[in-house]
Amino acid sequence: MNTNSHGHSLGQPLAIAGGIAALAVLPFLAGNAYLEHLLVLWMLYALLALSLNIVIGYLGELTFGHAAFVGVGAYTSAILSTQLGLPPLLGLPLAGLVAAGFGLVIGYAALRVVGPQFAILTLGFGAILFTITNHWVDLTRGPMGITDIPPMAIGPLAFDSARPTYYLVLALVLATAYLCHALVGSRTGRAFLAVRENAPLAASLGINVFHTKLMGFVAATAIAGIGGAIYAHYIRVITPDIMGVHNVAALIIVVIIGGRGTILGPILGALVYIGLLESLRVAGPLRMVIFAALLTGTVVFLPGGLISLWQRWRNAHKSENNLPATPTGLPSTEGGAK
Amino acid sequence: MDFTVFAQQIANGLVNGMAYVLIATGLTLVFGVLRIVNFAHGEFYMLGAYITYFVGTLFGLDYIAAAAISAVVVAGLGVAANKLIFWPLRRDHEFTILLSSLGLALLIANGGELLFGADPKYVESPFADEVLEIGTVTLTQQRVLVFAAAVVALIAVYLFIRYSRFGKMMRATAQNPDGAALTGINIGLVHTYTFALACGLAALSGALVGPTVMIFPTIGNWAVLKGFIVVIMGGLGSVTGALFAGLLLGVIESLGGGYISLGFMEAIGYAMIIAVLLWRPNGLFSTARGLR
């Protein structure tokens with residue numbers, strides 16, 4: 001987001017505080033367990049989408065392997081807690097570490113190529129991880145999946161229902177959103193954007209393009225792994241489907257529909273995705289047809305995602321009041337893989 | 001090592017590999033000529049198999065006629081997809097095109113599930129149960145047909161690209177679309193028949209492979225993944241690369257499945273491309289822009 005640079009020095013923090021307060025009271029307004037469950041799913045997808053957004057939005061590379069890292073994190077924590085009896089709280093950072101380890105190795109190999117080749121290569125890596133998970137029955141129980149995963153717990157506080165889990169994931173979403181915000185403002189984040197906009201130029205300024213991309217990719221996979229672990233301990237059952245093409249497509253749809261390269265975009269996209277997924281449950285396979293049409297429609301007609309509608313409105317509003325509109329010629333943090 | 005088993009594995013691998021080559025040739029043509037990474041390519045393979053099935057069962061036509069009709073119909077669908085999505089987006093960023101094709105892939109795969117049902121189907125073929133013995137190697141006639149028809153189709157494509165007027169227009173467009181347009185080549189027409197050719201080849205592959213496996217609406221995912229892997233390994237835009245990489249992937253998968261583990265067969269194939277790409281990041285046959 002283009003932060004308070006245009007006379008919003010007081011309005012923006014207030015809006016953010018209001019938004020966080022609204023998110024905090026949401027479970028009390030939900031009223032029933034089903035809606036609370038949907039809120040958890042919303043936050044989980046928001047977390048995963050924020051992590052994918054680092055690669056798609058800030059690095060400007062399209063990855064088709066993100067769901068595999070979610071799966072690696074989920075399986076790591078699930079296996080550690082069911083087979084070794086490790087407390088899920090310890091499994092959480094380990095899931096992030098293991099996913100980051102996979103991200104490092106795969107990123108090291110895949111980031112040598114860019115654009116469509118990188119997209120396809122990550123798809124191939126995702127397929128490898130899926131195949132291994134599906135067939136290494138001794139470790140992962142294959143297509144049967146892992147059941148009876150214990151819920152997450154911090155001391156006496158157990159996250160065994162929707163409401164506490166919602167706050168746990170909300171806290172992680174806010175932390176990740178803040179990290180993304182801080183990142184974009186930092187030297188490293190500016191290097192990300194420079195690499196996205198013009199890699200040869202960034203290299204000529206002394207930015208190590210490969211290392212910059214690898215760093216972003218590993219950070220994204222670590223967050224994806226943590227998100228996957230929370231998912232495993234919340235749903236309590238995981239199957240290799242978590243790594244499947246369907247989930248890859250879902251995460252990409254969330255980021256693109258919401259608005260890549262922004263912080264609110266992926267959160268908004270996750271809300272739209274979960275909301276439509278549930279309200280269209282009766283439609284069966286038609287749901288994915290609708291999502292596919294939405295994806296294509298967004299890419300073609302609204303490249304900035306839903307969040308760009310608000311920015312458009314705000315700019316129009318500003319010019320009405322003779323305030324300077326957000327300049328379009330300056331490098332902005334919005335945009336991403338175009 | 002038992003030579004009979006080894007020869008059998010190689011033969012199986014070559015047959016599978018030839019099917020990959022057919023899928024990958026279309027993908028690599030569409031990329032090489034039009035600069036489009038078409039995620040929906042596998043769905044045309046799926047449609048090829050299904051249309052062969054429906055033409056065969058609903059109209060009672062024999063297998064060969066059904067396969068030919070399916071290739072023509074799917075080529076037409078490819079042209080329609082090009083007119084509706086890819087042609088209007090031709091000036092857009094490559095990610096817009098890639099994401100739109102992902103949308104198209106989801107649309108066709110899930111639309112197919114709505115129309116055809118999720119239950120697996122079998123494509124009837126008179127060659128599926130007849131066995132052919134070549135020396136010590138035993139193959140069903142259908143699998144021999146996969147290989148033979150693919151070889152004929154690939155030779156035809158090669159001659160078409162190399163010697164026909166339309167093929168020369170394709171190569172000119174691949175080298176430089178603006179330059180080609182300046183010399184009077186109708187780029188829209190090149191887009192149209194490149195898509196027709198690519199989707200027809202994918203459908204032909206689906207129609208040929210259909211009788212050897214079960215078909216269901218999600219096989220397009222599998223097909224596009226194999227196609228991409230072959231294309232990336234061979235080098236994006238390289239037809240020769242697709243041929244070698246496809247056969248290599250088929251044989252390695254077959255040997256890996258036979259001697260190491262059937263379950264990990266696919267993972268072994270993917271691991272191989274990674275090894276190749278660490279050595280040559282742009283594929284085995286990558287050179288400057290153009291169609292090879």
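The contact between the chains takes 36 residues from chain B and 35 residues from chain A. In contact here means that C-beta atoms, placed from the backbone, lie within 7 Å. On the side of chain B that touches chain A, α4 (94-116), α9 (219-234) and α11 of chain B are the elements that give two or more residues. α4(B) gives the most, with 15 residues. Helices and strands are DSSP runs, numbered from the N terminus: H or I, at least four residues, for a helix, and E, at least two, for a strand.

Some ground rules. This is a predicted model, where local features need pLDDT of at least 70, side-chain atom pairs count only at pLDDT 80 or more, and totals for chains, interfaces and linings use all residues. Residues are numbered from 1 along each chain as its sequence is written, while chains are lettered from A and ligands numbered from 1 in the order in which they are written.

Confidence next. The model scores ipTM 0.80 and pTM 0.83. pLDDT is the predictor's confidence in each residue, from 0 to 100. Chain B has a mean pLDDT of 84, with 97% of its residues at 70 or more. For chain A the mean is 81, and 91% of its residues reach 70 or more. Within chain B, helix α8 (residues 187-209) has the highest mean pLDDT of the elements, 90. Helix α11 (residues 265-279) of chain B has the lowest, 75. Remember that α11(B) is one of the elements on the side touching chain A.

Where does pLDDT stay under 50 in chain A? One stretch is residues 1-8, with 13 contacts beyond four places in sequence. Another is residues 325-333 of chain A, again with 13 such contacts. Where pLDDT is low, the predicted coordinates should not be read in detail.

Now the core. The largest nonpolar core holds 207 residues. By nonpolar core I mean a set of buried Ala, Val, Leu, Ile, Met, Phe, Trp, Tyr and Cys residues joined through C-beta atoms within 7 Å. Buried means 20 or more other C-beta atoms within 10 Å of a residue's own; exposed means 12 or fewer, and partly exposed is in between. M43(A), Y45(A), V169(A) and A203(B) touch the most other members. Helix α2 (residues 33-59) of chain A gives the most to this core, with 18 residues. What does V169(A) touch, leaving aside neighbours within four places in sequence? V40(A), M43(A), L44(A), L47(A) and I230(A).

On to the helices. Helix α5 (residues 116-135) of chain A has 20 of its 20 residues buried.

UniProt, in an unreviewed entry, places "transmembrane region" features on chain A, including residues 165-184 and 248-276. Such annotations may be inferred rather than shown by experiment. Residues 165-184 of chain A are 100% helix, with end C-alpha atoms 28 Å apart. Residues 248-276 of chain A are 83% helix, and the ends lie 17 Å apart. On chain B, the UniProt features include residues 67-85 and 228-252. The 67-85 span of chain B is 100% helix, with ends 26 Å apart. For 228-252 of chain B it's 84% helix and 17 Å.

Buried or exposed? I307(A) is buried, because 24 other C-beta atoms lie within 10 Å. Beyond four places in sequence, its contacts include G258(A), G259(A) and T262(A).

Strands β1 (residues 131-134) and β2 (residues 137-140) of chain B run antiparallel, joined by four bridges. DSSP must find at least two bridges for strands to pair. L132(B) stands opposite L139(B), and V131(B) opposite T140(B). Two residues sit between the strands, and G135(B) in the turn has a positive phi of about 60°.

Last, backbone angles. Most residues other than glycine have a negative phi. R236(A) has a positive phi near 75°, in the loop between α10 (209-235) and α11 (245-258) of chain A. R35(B) is positive too, near 60°, in the loop between α1 (3-34) and α2 (41-59) of chain B. R35(B) counts as partly exposed, because it has 17 C-beta neighbours inside 10 Å.

Methods. Two residues are in contact if their C-beta atoms, placed from the backbone, lie within 7 Å.
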